[in-house]
Amino acid sequence: MAKYETVIGLEVHIELATNSKIFCSCSAKFGGEQNDHVCPACCGMPGMLPVVNKRVVDLGMTAGMMLNCDINRVTTFDKKSYYYPDLPAAYQTTQWFAPVAVNGKVRIETSKGEKFIRIKQIHMEEDAGKLVHDDWTDTTLVDFNRTSVPLIEIVSQPDLNSAEEVVAYLEQLRSLLRFAKVSECRMEQGSMRCDVNLSVRPEGSDKLGVRTEMKNMNSISAIERAIAYETARHIDAIENGTEELVQETRRWDDIKGMSFAMRNKETAGDYRYFPDPNVMPVCIDDEWFERIKKSLPELPSVKKDRYIDELGLSEYDADILTQSRALCDCFEEAYAVSGLVKESANWIISNCMNVLNRKQLTADMLNIDGKALGKLILLVADGKVGHANAKKILEAMFDEDIDPEAYANENGYIVSNDTGKIEGVIRAVVAADPKSVADYKGGKEKALMALFGKCMKELKGNCDPQVLRELLIKIINE
Amino acid sequence: MLYMNSDILRRLQKLNQLKLTDSEERDVLAFFEKQSAELESLSSAIDTENVERMVHVMPILTVVREDVVVKNFTREELQAGAPETMDGYWQVPRLVE
Ligand SMILES: [Zn+2]
């Protein structure tokens, strides 16, 4: 049997993290009551002039630079015509002739090693509205809240050859764009969607096979299943002539585990692109270009190496921290304030992650003040606040902006150096529990821990454990 | 130079889900024929040799706005002229997927 090679190119749509839409000032926020975030411009009313949101260009350039693209210093918008009720003007404003970024590359790593995936282009465009089918009236209901929400589309060259590579590529895109705060890239919320172009050819052939496209894939596992199915279908068609492969758009049904040809083939793909005379070309001058260049974050892989080589963190710790920009930012701020590398890393990896897990939040959603965390770490290191109370302070930092020291004072969390008070507590505890005292004197170490715990509880944790332990032993042996 | 003919016009109607009557079709074709003739005369009258292609027809560049949300219209105002609405949605004939 001949061996086959799968050839895959991806078009990835990413919703940009902006406040307003791409060509009008309506809110770009997800959700809201139907048709609440709309105006004559995004409803496609005649006579309205679109005006480009500068932030969209900023983020388009940022994405381009993160993916090693060349930035087109004059970038223009074009009309892509198609007739569908989710597109009120009957054309989508997108970029065809001079997209914001071209000719990039993304490095991925798989079980087969390192590989570079070439990026053909990144263009800025508007999203379409949402359609709801109403069975009762047998009509279609249209919501334009999502119309004109800004997107970038990242078009790869057909350089991917397996589902594993596709997954690695998507994860790399997500990591880079989250780090640069271009988008949250949440597939489950639709802020990252993917069209998969796939063809199959005999290994070693340089001629591409018939290409099919699956649109709007929104989960990584569905993409993996769809690629496996389509590859098998293509090979079956080539080997056994089960069907004639045609270039077409197909819909992936993840429940049935099959792809289906979409109807309306006849009119698909004739988009009649032409320059949109209503949107002025955007010229990116040197100042603008440099401003975006300076704003780029350190790449996660570079950060990880620096954490290990310069700061002496373990690979494990560096790996966890660099999974999210929020964790890195918090760590770097906490370290800058406290000067304590290991403690800063540990507080984030164990304590902060615990709170996030309990609140069912992801690492990206860590939004406590890193500087305050640094101060808290210092309070603990200086013996001013005990561990248990420090965790309570951390918990409070998730809910409000607080100064850890002021908060510790207000809540009585400051460790007391008043040995008179500590002695008083110890004497009372010892007097009330002669059995534990006798057990300890009889050689049971555990009994000392019980007494220690009772004293700590009485003192509400505000005591240097070392001081307490020494005083406790001294008093028992008196 | 050919800008329009009945085949192209039929295809455009299909793409835009429009149905022109025979007399409307004749009017559109006549209109384009006239336009084509005028464009033809322009291109023969004006020498465009060595003229650089324009990026855009307007001498204005980089009109951008800050990323600020402004709400100027209510849903009711926007839907005032709609033929059919339901529960705040625009309502259109059922689409077959
Ligand atoms: Zn709008």
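**View 1. Confidence of chain B in the predicted model.** Chain B averages a pLDDT of 88, and 96% of the residues score at least 70. The model scores ipTM 0.85 and pTM 0.81. This is a predicted model, in which local features need pLDDT of at least 70 and side-chain atom pairs count only at pLDDT 80 or more, while totals for chains, interfaces and linings use all residues. Residues are numbered from 1 along each chain as its sequence is written, chains are lettered from A and ligands numbered from 1 in the order in which they are written, and side-chain values use heavy atoms, with hydrogens and water left out.

**View 2. The interface of chain B and chain A.** In contact (heavy atoms within 4.5 Å) are 37 residues of chain B and 55 residues of chain A. The buried area is about 4,300 Å², 59% of it from carbon and sulfur atoms; this is the accessible area (1.4 Å probe) that the two parts lose on being put together, summed over both.

**View 3. The salt bridge of B:R75 and A:E33.** The closest N and O atoms of B:R75 and A:E33 are 3.4 Å apart. Across the interface the rule (a side-chain nitrogen of Lys or Arg within 4 Å of a carboxyl oxygen of Asp or Glu) finds four salt bridges. The elements that give two or more residues to the side of chain B that touches chain A are α1 (6-15), β1 (64-65), α3 (75-79) and β3 (89-93) of chain B. The most come from β3(B), with five residues.

**View 4. Strand pairing between the chains.** Strand β10 (residues 139-143) of chain A runs antiparallel to β3(B), joined by four bridges; two strands pair if DSSP finds at least two bridges between them. In this pairing A:V142 stands opposite B:W90.

**View 5. A three-stranded open sheet in chain A.** The strand order is β6-β5-β16, with antiparallel pairing. The edge strands, each pairing on one side only, are β6 (91-94) and β16 (274-275) of chain A. Four bridges join β5 (residues 78-81) of chain A to β6(A), where A:K80 stands opposite A:Q92.

Technical notes: pLDDT = per-residue confidence, 0-100.
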